[in-house]
Amino acid sequence: MPVTTFANHKGGVGKSNEVEGVAAELAMRGRRVLAVDLDPQGNLSRRMGYQEHELETRPTIAEAVRDHTPKALRASFLPCQWEQDWAENITLVPSRIELEERISEAGVPLSWQRLHKCLAPLAGDFDDVLIDTPPTIGHLLHLALVASDYVVGATTPTYDSVRGIYRLKNFIENEDQRAGLGLRCRMIGVVINMKRAGVANHDQRTEALITRFGDLVWPPHLPLRASVEDASERAEPPQNAGPEVQQIFRDRVDRYMKAVA
Amino acid sequence: MSGKRRPLPDVEDEIVLERGVGPGAVVEKSDAPTAPTAPTAADTAGVEIVGRVVKSPVALDIPTAPQFELASPDASRDAQLVHYENLIGGAKEAVETGARALDRYWTLTAGRALVEIRDGKLYELYGYTSFMDYVAQRWGMVRQHAYKLMRTVRVQQALPEVTVDWTVRQVDLLGSVAEPHDSAGDEAAGDKAIREVWAKAEELGDTSAKGLDAARKAVGGEAPKALEAVKERKPVLPVYQRAVKPFQDFRRLRQVAIENPEYAVELIKTLEAALNELRAESPTP
Ligand SMILES: Nc1ncnc2c1ncn2[C@@H]1O[C@H](COP(=O)(O)OP(=O)(O)O)[C@@H](O)[C@H]1O
Ligand SMILES: [Mg+2]
């Protein structure tokens, strides 16, 4: 059961969008996907069909990490509410703002293993686990990384966002961090999102990423499309933006499958 | 999303849920989930109360645990004294700041709510015909207190940057300056009148009630009307002096109860209400 974290220290770069697109394509291929919303903002939860008030009386990732048992994680499982074809094989672990409270546990020894403790015993129940993370490089990201086998960096072709990816890679590869947190994950991809054609900066940043990461950059890049944003507003998968986006996620998932094989 | 929603699984065990973040956080128990419904306005925006959205109680920083610490045993006697006096000074300041903050909180919260209830005549929903009856019976507030709250709100609206501890007489004076404009429906002019008097008083170096009155005269404002602008200008005292006579003859008064018990009950209510009103307006003995 490969566990993959989607991350960037920078916000608004399409992390959640990527998790949605990859989840939808994997589910379409018949794989059982667990999508974990590890962002207190709960964007992924909202886009998979759950407003914050609907989660008021239900356990979420915050309780699961607090109790750090697979049972607690299971108690939070919800069906994705997209159209059947996309959603059927997707299970959501939703998030609410209370996840912020887990950050205060960062100093507790081994607290960074708490998501891993929830997830590891579920091996076999899912074919893929995708973790959507908040724009931080702190405790919540550590929870995700410790639980993960793989990491995908999501970025826009802009300076600050690309820097976020460099920092992420350095963090994951830093020997002290790996030993201190007990990381086993490695970077398997960088996806470029919201690229605009004919914008010199965007082309330069894309080149720089390819120079630095080579093969790790997964083509094709996802262009900036109003239809993608519309889909997310309507709480639909990005694939509803049309055949172009569907093809992009098919290609990306091909790369993903190769990497986790 | 389209069509029917996929059903949500039941939550099997009761799970302790922490809701909210920071000092306002609460702990709840998970419910058996109900079918999801479209969000109502209250779901997404909090509870709507007469035009204002009240989300959650304001978090005021009130220390809950004492902060006492013994002075270090090997400190000199001088140092010990300094240490303990610092504790007293700090606590005193905390209490005073807290009291001011609480007073402001109370005024600007309860006062504003009272204004809305009065202006919207919302007290009628309970069957009260007078706002002051409502305030007295629902909240056990003497009329003057409610009145001060509302006047302070009015003054605060005109002088949001001023954070003094208002006295009744100050807010009454400033409020009365705005009154003619307010009752003509021109609150902006009321604000302006209040600001003008306040600025003058500051200029003259005295913002006490007395100073404000002098400032009002200096800017040529009208003389303030008494509390709650007594509409009836004719002296009413003789009326009451005549009316109270028969009440002083207790024997005959008791006979009322024998002649007509129901009327006696009515009379008791009337007298009690009158008593409350009179007390509220009278200087405390
Ligand atoms: N390719 C795209 N074109 C247009 N809008 C996009 C695209 N990808 C994402 N968005 C929108 O941009 C916003 C940020 O994306 P999101 O996936 O939430 O980023 P993150 O999770 O990194 O904060 C969202 O409103 C999303 O719908
Ligand atoms: Mg996100």
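Contact here means heavy atoms within 4.5 Å. The model is predicted. On that basis, residues 24 or more positions apart account for 80% of the contacts in chain A with a separation of 6 or more. In chain B, the corresponding share is 42%.

Chain A contains 12 helices and eight strands. Of its 261 residues, 57% count as buried. Chain B contains 10 helices and four strands. Its elements follow the order β-β-α-β-β-α-α-α-α-α-α-α-α-α along the sequence. Buried residues make up 22% of the 285 residues in chain B.

The largest nonpolar core comprises 36 residues. A:M48, A:W82, A:I90 and A:L130 have the most contacts inside it. Several elements of chain A each supply at least two residues of this core. The helices among them are helix 1 (15-28), helix 5 (84-87) and helix 12 (243-260). The strands are strand 2 (33-37), strand 4 (90-93), strand 6 (150-155) and strand 7 (186-195). A second, separate core has 24 residues and includes A:V3, A:A62, A:I131 and A:L140.

Neighbours within four places in sequence were left aside. A:I90 is then in contact with A:A23, A:A24, A:A27, A:V33 and A:A35, among others. Its contacts also include A:M48, A:L78, A:P79, A:C80 and A:W82. One of its partners, B:R6, belongs to chain B.

A:E88 lies in the loop between helix 5 and strand 4 of chain A. Its relative accessibility is 46%, so A:E88 counts as partly exposed. The C-alpha atoms of A:E88 and A:G30 are separated by 8.8 Å. These two residues are 58 residues apart along the chain.

Helix packing was then examined in chain B. Two packed helices are described by the angle between their axes and the distance between the axes. Helix 2 (residues 77-119) of chain B packs against helix 4 (residues 143-158) of chain B at an angle of about 100°. Their axes are 8 Å apart. This angle makes helix 2 of chain B roughly perpendicular to helix 4 of chain B. Helix 2 of chain B contributes B:R104, B:W106, B:T107, B:L108, B:A110, B:G111, B:R112, B:L114, B:V115 and B:R118 to the contact. Helix 4 of chain B contributes B:H145, B:A146, B:L149, B:M150, B:T152, B:V153 and B:Q156. By class, this contact between helix 2 and helix 4 of chain B has nine nonpolar, five polar and three charged residues.

A further pair is formed by helix 6 (residues 187-204) and helix 7 (residues 209-218) of chain B. Their axes come within 8 Å and cross at roughly 110°. Helix 6 of chain B is therefore roughly perpendicular to helix 7 of chain B. From helix 6 of chain B, the contact uses B:V197, B:W198, B:K200, B:A201 and B:L204. From helix 7 of chain B come B:G211, B:L212, B:A215, B:R216 and B:A218. By class, the contact of helix 6 with helix 7 of chain B has seven nonpolar, one polar and two charged residues.

Helix 6 of chain B also holds B:D191. At 12% relative accessibility, B:D191 counts as buried. With neighbours within four places in sequence left aside, B:D191 is in contact with B:R154, B:Q157 and B:A158.

Notes:
Residues are numbered from 1 along each chain as its sequence is written. Chains are lettered from A and ligands numbered from 1 in the order in which they are written. This is a predicted model: local features need pLDDT of at least 70, side-chain atom pairs count only at pLDDT 80 or more; totals for chains, interfaces and linings use all residues. Side-chain values use heavy atoms; hydrogens and water are left out. Axes are lines fitted to C-alpha atoms, for helices over the stretch in contact, and angles run from 0 to 180 degrees between N-to-C directions. Angles under 35 degrees count as roughly parallel, over 145 as roughly antiparallel, 65 to 115 as roughly perpendicular and the rest as oblique. Ala, Val, Leu, Ile, Met, Phe, Trp, Tyr, Cys and Pro count as nonpolar, Asp, Glu, Lys and Arg as charged, and the others, Gly among them, as polar. A nonpolar core is a set of buried Ala, Val, Leu, Ile, Met, Phe, Trp, Tyr and Cys residues joined through side-chain atoms within 4.5 Å. Buried means under 20% relative accessible area, exposed over 50%, partly exposed in between (1.4 Å probe, protein chains only).
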